2 protein chains.
Amino acid sequence: MAKVQFWYEFASIYSYLTAMRIERLASFHGAQIEWKPFLLGPIFAAQGWDDSPFKIYPAKGRYTLRDVERICADRGLPFKMPESFPQRSLEAARLALIGAEEDWAPVFTRTLFAKEFGEGASLTDRAVLADALRAAGQEPGELLQRAGDPVLKQRLRTQTEEAQALGIFGAPTFITEDGEMFWGDDRLEQALAWGTAPP
Amino acid sequence: MAKVQFWYEFASIYSYLTAMRIERLASFHGAQIEWKPFLLGPIFAAQGWDDSPFKIYPAKGRYTLRDVERICADRGLPFKMPESFPQRSLEAARLALIGAEEDWAPVFTRTLFAKEFGEGASLTDRAVLADALRAAGQEPGELLQRAGDPVLKQRLRTQTEEAQALGIFGAPTFITEDGEMFWGDDRLEQALAWGTAPP
């Protein structure tokens, strides 16, 4: 089955939009999704941004909120911004990285995004992370410990460097097996069609 | 008939994509399009950019070219980047402003965009501007003179200030009669549906 990579960042609102629908669409197209959590922070920093571009460029930031609000209304998705934005997504991304290797990343990621942008929950709240782990069938205790493990920290750094080397500059980003890159929730259908097209 | 404003910039590739299809879609939706040429330069400058964001952020710039290439292929539109980018769109925008008042902006704009991004022609080439004026049924002589007229210059400045006051930060942007703003060629269908929805 054709594989399509889904690169996402827990602090990204548009990644929320995609996470909630990608498996449904992938199954329709006959694609297999590889869940690739990474951090946008280091990538933004490399291009001179020390905060979310939505805060650096307020007009765009205001527009974005309205854009997501309208899309969520269309899709019947709840939308509530967390009090602090962007959120510290480090631990969430590290846990999702374990999940991606053990096959529970989709449920963990959807649950966490639904809490973050559907209910306004904080990603640094360990109870929230624990709930998402439990929803994915995992025991939180040992996993929350591992989020501080230097080996795992390094793996997330490596994954983020890989994103940067691929030319990724935002999230969500989709990469097909032949190396085509698609950026944004609004390119998801196009990416899946491309990734599953007969040669 | 419901009116939808189409704010566009001749140096913007995504504005090209929209210009070539907006009247067809508007007629399907039952919307009337108001063609609003403006300049992104002063708006970008106000947020600290002195060049195209595609040049300031090279990874995004490279992606954008590929994105437009793919969309043009899907839509059967020719695509050829002009040698210099972004182009100086001042005269083109001033002429389109006259066209918008006299109702020949759509043909002039489409012709000019097709030359610019379909054939790689230069917007500062007066022969190119003259051809687009003729295609729109206009005599170029006097109009090309008027492009330097201080009153017209001021009108374009005012139109650009209006764009900025509306919160516009990129092109194309669509604004419906109830004040909703939509940014990007990929939001055109949504804007037209919103703008023509029964109250």
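**Chain B: interface, sheet and helix packing**

Modeller: In this predicted model, chain B places 11 residues in contact with 11 residues of chain A. On the side of chain B that touches chain A, two elements contribute two or more residues each, namely helix H5 (58–75) and strand S4 (181–183) of chain B. H5(B) supplies the largest share of that side, 4 residues. Sorted by class, the side of chain B that touches chain A comprises 6 nonpolar, 2 polar and 3 charged residues.

In chain B, 4 strands make up an open sheet with the order S2-S1-S3-S4, and the pairing is mixed. The edges are formed by S2 and S4 of chain B, each of which pairs on one side only. From one strand to the next, the twist averages 25°. As a general point, the strands of a sheet pair through backbone hydrogen bonds, in either a parallel or an antiparallel sense.

With strand S2 (residues 31–37) of chain B, S1(B) pairs in the parallel sense, over 7 bridges. Within this pairing, Val4(B) is found opposite Ile33(B) of S2(B). With strand S3 (residues 173–176) of chain B, S1(B) runs antiparallel, and 4 bridges join the two. Here Gln5(B) stands opposite Ile175(B) in S3(B), while Phe6(B) has Phe174(B) of S3(B) opposite. S1(B) is also mostly covered, with 5 of its 7 residues buried.

Helix H11 (residues 188–195) of chain B lies across S1, S2, S3 and S4 of chain B. Relative to S3(B), H11(B) runs at about 10°.

The remaining topic is the packing of one helix against another, which is described by the angle between the two axes and the distance between them. In chain B, helix H7 (residues 105–119) packs with helix H8 (residues 126–135) at an angle of about 140°, and their axes are 8 Å apart. Angles over 145 degrees would count as roughly antiparallel; H7(B) and H8(B) are therefore oblique to each other. Their crossing is right-handed. From H7(B), the residues Val107(B), Phe108(B), Thr111(B), Leu112(B) and Lys115(B) meet Val128(B), Ala132(B), Leu133(B) and Ala135(B) of H8(B). The contact of H7(B) with H8(B) has 7 nonpolar, 1 polar and 1 charged residues.

The corresponding pair in chain A may be set beside this one. Helix H7 (residues 105–119) of chain A and helix H8 (residues 126–135) of chain A pack at about 140°, with 8 Å between their axes. H7(A) and H8(A) are therefore oblique to each other, and they cross in a right-handed manner. On H7(A), the contact is made by Val107(A), Phe108(A), Thr111(A), Leu112(A) and Lys115(A); on H8(A), by Val128(A), Ala132(A), Leu133(A) and Ala135(A). By class, the residues of the contact of H7(A) with H8(A) divide into 7 nonpolar, 1 polar and 1 charged.

Note on methods: Residues are numbered from 1 along each chain as its sequence is written. Chains are lettered from A and ligands numbered from 1 in the order in which they are written. This is a predicted model: local features need pLDDT of at least 70, side-chain atom pairs count only at pLDDT 80 or more; totals for chains, interfaces and linings use all residues. Axes are lines fitted to C-alpha atoms, for helices over the stretch in contact, and angles run from 0 to 180 degrees between N-to-C directions. Angles under 35 degrees count as roughly parallel, over 145 as roughly antiparallel, 65 to 115 as roughly perpendicular and the rest as oblique. A crossing is left-handed if the near helix is turned anticlockwise from the far one by less than a right angle, and right-handed if clockwise. Two residues are in contact if their C-beta atoms, placed from the backbone, lie within 7 Å. Ala, Val, Leu, Ile, Met, Phe, Trp, Tyr, Cys and Pro count as nonpolar, Asp, Glu, Lys and Arg as charged, and the others, Gly among them, as polar. A residue is buried if 20 or more other C-beta atoms lie within 10 Å of its own, exposed if 12 or fewer, and partly exposed in between; C-beta atoms are placed from the backbone. Two strands pair if DSSP finds at least two bridges between them.
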